[in-house]
Amino acid sequence: MDKFLNLISEEMKKAFEAAGYQADLGKVTISNRPDLCEYQCNGAMAGAKQYHKAPIMIANEVVEKLQDSAVFADVSAVMPGFLNLNIKEAFLQSYLNEMCQDEKFGLAMPEKPQKIIVDYGGPNVAKPLHVGHLRSAIIGESIKRICRYAGHEVLGDIHLGDWGLQMGLIVTELKKRQPELLYFDATYDGEYPNEAPFTISELEEIYPTASAKSKEDPAYKAEAMEATGKLQSGVRGYRALWQHIMSVSVADLKKNYSALNVDFDLWKGESDVHDLIPAMVEKMKKDGFAHESEGALVVDVKEETDTKEIPPCMILKSDGAALYNTTDLATIVDRMENYRPDSMIYLADKRQDLYFEQVFRCARKTGLVKPETKLLHIGFGTMNGKDGKPFKTREGGVMRLENLIRGINEEMHRKIADNKSMGEEEAKETSEVVALSALKYGDLSNQASKDYIFDIDRFTSFEGDTGPYILYTIVRIKSILNKYKEQGGKIDGIQIREAVNAAEKDLMLQITGFNAMLEAAFEEAAPHRICAYIYDLANAFNHFYHETKILTEEEKEKQAGWIALLMLTKRILETCIDLLGFSAPERM
RNA sequence: GCACCCGUAGUCUAACGGAUAGAACGUAGGCCUCCGACGCCUUUGAUGCAGGUUCGAUUCCUGUCGGGUGCACCA
């Protein structure tokens, strides 16, 4: 099925053509003036120049051609040349019933699905997640789900920071504390224990300690670098220890991401591409792209057409070591070999704009990707505190993600616990579900590229443009549907009927916009479109709800029609929040 | 210094070049013998400034002011 706006536009285009004008002038858009009409077409004004005619005259001629349209209940030409349109109830009704039958509510599936890799999360092992990781996870997860829903083959990759000096630091500190461990015995050639010699909390304490020591003590740092070297060159005991660090840390990360309803298909990291680096670098040299500059190896990526200065992309540091760029490029090599994606989407702070520009250009120039491979960096803004500055704890430190989540859970629990009929267990579970909606909706309802203020009171409010408000609306619909079923109302085979009042028609029109909205959300990789849409939809529903007494309606056919409309509304709302990465409870 | 991004009601936020710039919070008021009032309705109030392109500019262009960010061996 086609998008609702397309169908209307088709009708309008035919009318333009019939009146002797170019068809594509008949593009219809949602009205800016809901008080005047439901949809509008500005084609008469756009065509005035080329036909040397007053817009209003063109508009009038088009109106003539639409007198007995099956789509429009009425069409009028308004000065200076707007075409104001209202939809026929029967047409709207049949479109909605078609949507009910369609699993994707009329969203067209691509002829050839793209293969897309979404690179998000980006945590470092052995370091706790903090608020800086939040946006990448939340936005990335939503974009992944949107792409998948739009019919594409999508892999989410966490892209772990699991290589390099940080690992050497941990190993060094462990050696200081427990030199007797088998892993440090170079003569040992037996099996290593399955159990890690540390817990996640110890690990989280070891890293900052080691990091601080290395900054003060050059000897310590040298030792850590040596350990890093041993690890990378494959010394058995070091590798085994690294495996322990990885498994302990990854288990913890999974737990934390799972609390955010975020999951990854690929748990790849920098370590996975380490072995690809030498060949990649060699090839870049051989092909004449990489050259030495100030001791480092770089690829020039500036272009003739640049207005701004683009520094070269560094491939190796002057000490010959790899850096961030190197592993990102090698990761591209790995992905092209193993997954052949059509498109790679990176979620990272917008301050990395220039960096990604360099890496992408370098990947293209050196032929790491095909010319048609899309590389996209979605740079997001900072989450700020109420003071407008980057979010910090009260003490001014970096806030751990789990503390942030605990805070919002507690806040939500305070509100939910008021519910008289809810037991403690249910209240706790429910508040976690609702709190997650508050956190995610608060983030996703803003354009990703903008900074936003984390305001716990506003986000957890049940009023206004918030996650809890959306959930409340869904819960309300569920409650009505349950009561309807208790009354013995039938569900099977019921159909949406023609709207009986303006509020109902408004709700119906709002529903028709789902597929067009989703297409835009996909193309723009913009979850905030979904938020804006469901907020309007929830409003339209609540308005309708107040105008219409559903359960007491005596005309059963009419009642069943409303129930069908409610079911569709609920399905769409639930689909949308799932794309945003949260869900609704049964009660709240 | 050079470059990039952003300036919309008191606050927060939206708008393929289209009519009277749309919401939210807040403010001021109204609506429960009725499906969940954690709701609904009404009220107030905004495009930093100056030019230009256009029939029409929050949107495109130029300048200017203000804020943020980035400019190779950190990620």
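Helices (H or I, at least four residues) and strands (E, at least two) are DSSP runs, numbered from the N terminus.

A note on the source. This is a predicted model: local features need pLDDT of at least 70, side-chain atom pairs count only at pLDDT 80 or more, and totals for chains, interfaces and linings use all residues. Residues are numbered from 1 along each chain as its sequence is written, while chains are lettered from A and ligands numbered from 1 in the order in which they are written.

Next, chain A as a whole. I looked up 20 helices and 13 strands. Its C-alpha trace spans about 90 × 65 × 45 Å along the principal axes. Buried residues make up 41% of its 588 residues. Buried means 20 or more other C-beta atoms within 10 Å of the residue's own, exposed 12 or fewer, and partly exposed in between, with C-beta atoms placed from the backbone.

Then the cores. The largest nonpolar core has 115 residues, and Leu83, Ile470, Ile534, Leu573, Cys576 and Leu580 have the most contacts inside it. Such a core is a set of buried Ala, Val, Leu, Ile, Met, Phe, Trp, Tyr and Cys residues joined through C-beta atoms within 7 Å. Helix H20 (residues 556-580) gives this core its largest share, 12 residues. Another core lies apart from it, with 25 residues, including Val125, Trp163, Leu203 and Val248.

His52 is not a glycine, yet its phi is positive, near 50°. I placed His52 in the loop between helix H2 (43-51) and helix H3 (55-65). His52 counts as exposed because it has 6 C-beta neighbours inside 10 Å. Ala525 also has a positive phi, about 45°. Ala525 sits in the loop between helix H18 (514-523) and helix H19 (527-547). With 18 other C-beta atoms within 10 Å, Ala525 is partly exposed.
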